[in-house]
Amino acid sequence: MLSAKEIRIQIIVDNTAPEGLYGEHGFSVWIEAGRERILFDTGKGEAVIPNCNALGIDLSTTTILVLSHGHYDHTGGIAEALAFASAARVVLHPGVFTDRWSIRTGVPKPAMMPAESQKALVALPPERVIRTGEPSMISEGVGVTGTVPRLNGFEDPGGPFYLDTEGRIPDPIEDDMSLWIETAEGLVVVAGCCHSGIVNTLDHIIGLTGERRIATILGGFHLFAASPERLERTIEGLGSHDIGRMIPCHCTGSEVAEQFRRRLTVPVIPGHAGLIV
Ligand SMILES: [Fe+2]
Ligand SMILES: [Fe+2]
């Protein structure tokens, strides 16, 4: 089992970025865990390569590319990233290729993986692609959740997401999955958008691993549009878990992150591009 000290995580792409790095509505994280070099998501596309260059991250050393789900803001840079990561295996949920839209103001906005990214994935030799909707260990001590059961009744996908342009068929975003690393100090959990809900996700990972200590949870928690009731129950749910620190990023919402900081007893560090964990 790795010690938390043997793990280095750096946010490559986030909505927030300091001078010298590109910010965009997207998410991408670099994870060094033992011998693995994991690229978790690729942002919307424009920021991943320049930010890796600025941060000194060598994508050609990538051993695994993990996709948290098929939304464009996590999959837009796949072709660019794979051009460097020419030996990486790719771990994805079969649902990442789903056509889907977000309909916020009556006008359907495509939310699916861009065609260029789909093309790059389809062109890979099959032995490099691991398609799984089930919980899977992808390396020693590193797992992905597969589809997260939605059990608690107060967490929904978090937005007006549909499988059709008329808004008739809701998109449950079943392909949403998170990654965990087992360490001697507890679990490190990395989420993309957490459309399954942060509490559902933690409960699922705890059930799979039998480990209740969450050393760090980092990622987009997709709560910027959450109802006050959901937020209350989320804060309650998080408060009942043994969490070492939280790093809310991307689609969590800055006001929500601030509420976490004020109301939870755990340290809450808002994420941004370049942040090293
Ligand atoms: Fe997102
Ligand atoms: Fe998303």
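This note goes through the predicted model point by point, from overall dimensions to single residues.

1. **Basis.** This is a predicted model: local features need pLDDT of at least 70, side-chain atom pairs count only at pLDDT 80 or more, and totals for chains, interfaces and linings use all residues. Residues are numbered from 1 along each chain as its sequence is written, while chains are lettered from A and ligands numbered from 1 in the order in which they are written.

2. **Overall dimensions.** The chain has a radius of gyration of 17 Å. A compact globule of 277 residues would have a value near 19 Å, so the two agree. The radius is taken over C-alpha atoms, and the globule rule is 2.2 Å times the number of residues to the power 0.38. Along the principal axes, the C-alpha atoms fill a box of roughly 50 × 45 × 40 Å.

3. Of the 277 residues, 48% count as buried. Buried here requires 20 or more other C-beta atoms within 10 Å of the residue's own; exposed is 12 or fewer, and partly exposed lies in between, with C-beta atoms placed from the backbone. Take the contacts with a separation of 6 or more: residues 24 or more positions apart account for 72% of them. Contact means that the C-beta atoms, placed from the backbone, lie within 7 Å.

4. **Secondary structure.** The chain holds seven helices and 16 strands. Both are DSSP runs numbered from the N terminus: helices are H or I with at least four residues, strands are E with at least two.

5. **Six-stranded sheet.** Six strands form an open sheet in the order β1-β2-β3-β4-β5-β8, and the pairing is mixed. Two strands pair if DSSP finds at least two bridges between them. The edges are β1 (7–13) and β8 (129–131). Each has a single partner strand, so one side of each lacks a neighbour in the sheet. Neighbouring strands are turned by 20° against each other on average, direction ignored. Axes are lines fitted to C-alpha atoms, for helices over the stretch in contact, and angles run from 0 to 180 degrees between N-to-C directions.

6. **β2, β3 and helix α1.** Strand β2 (residues 28–33) pairs with β3 (residues 36–40) in the antiparallel sense, over five bridges. Ile31 has Ile38 of β3 as its bridge partner. Helix α1 (residues 48–55) packs on the sheet and touches β1 and β2. The direction of α1 makes about 135° with that of β1.

7. **Three-stranded sheet.** A further open sheet has the order β7-β6-β11, with antiparallel pairing. Here β7 (108–110) and β11 (161–162) stand at the edges with a single partner strand each, so one side of each is left without a neighbour in the sheet. Strand β6 (residues 101–103) and β11 pair over two bridges. Trp101 stands opposite Tyr162 in β11.

8. **Hairpin β9–β10.** Strands β9 (residues 136–139) and β10 (residues 142–144) are antiparallel and share three bridges. Met137 is bridged to Gly143 in β10. Two residues lie between the strands of this hairpin, and Gly141 takes a positive phi near 80°.

9. **Helix α4.** In α4 (residues 115–122), the buried residues are Ser117, Ala120 and Leu121. Seen down the helix axis, they fall within an arc of 95°, so they line one face. The arc is that of the directions from the helix axis to the C-beta atoms. Ala115, Lys119 and Val122 are exposed on the other side. The buried residues of α4 pack against α2 (72–75), α3 and β5.

10. **Ala85.** This residue sits in the loop between α3 (78–84) and β5 (89–92). Ala85 counts as buried because 22 other C-beta atoms lie within 10 Å. Beyond its neighbours within four places in sequence, Ala85 contacts Leu39, Leu59, Ser60, Thr62 and Leu65. The C-alpha atoms of Ala85 and Asp58 are separated by 8.8 Å, with the residues 27 apart along the chain.

11. Cys194 has a positive phi near 55° and is not a glycine. Cys194 lies in the loop between β13 (186–191) and α5 (198–209), and is buried, with 32 other C-beta atoms within 10 Å. His250, also not a glycine, has a positive phi of about 45°. The loop holding His250 runs between β16 (246–249) and α7 (254–263). His250 is buried too, with 30 other C-beta atoms within 10 Å.

Definitions and conventions
Contact = placed C-beta atoms within 7 Å.
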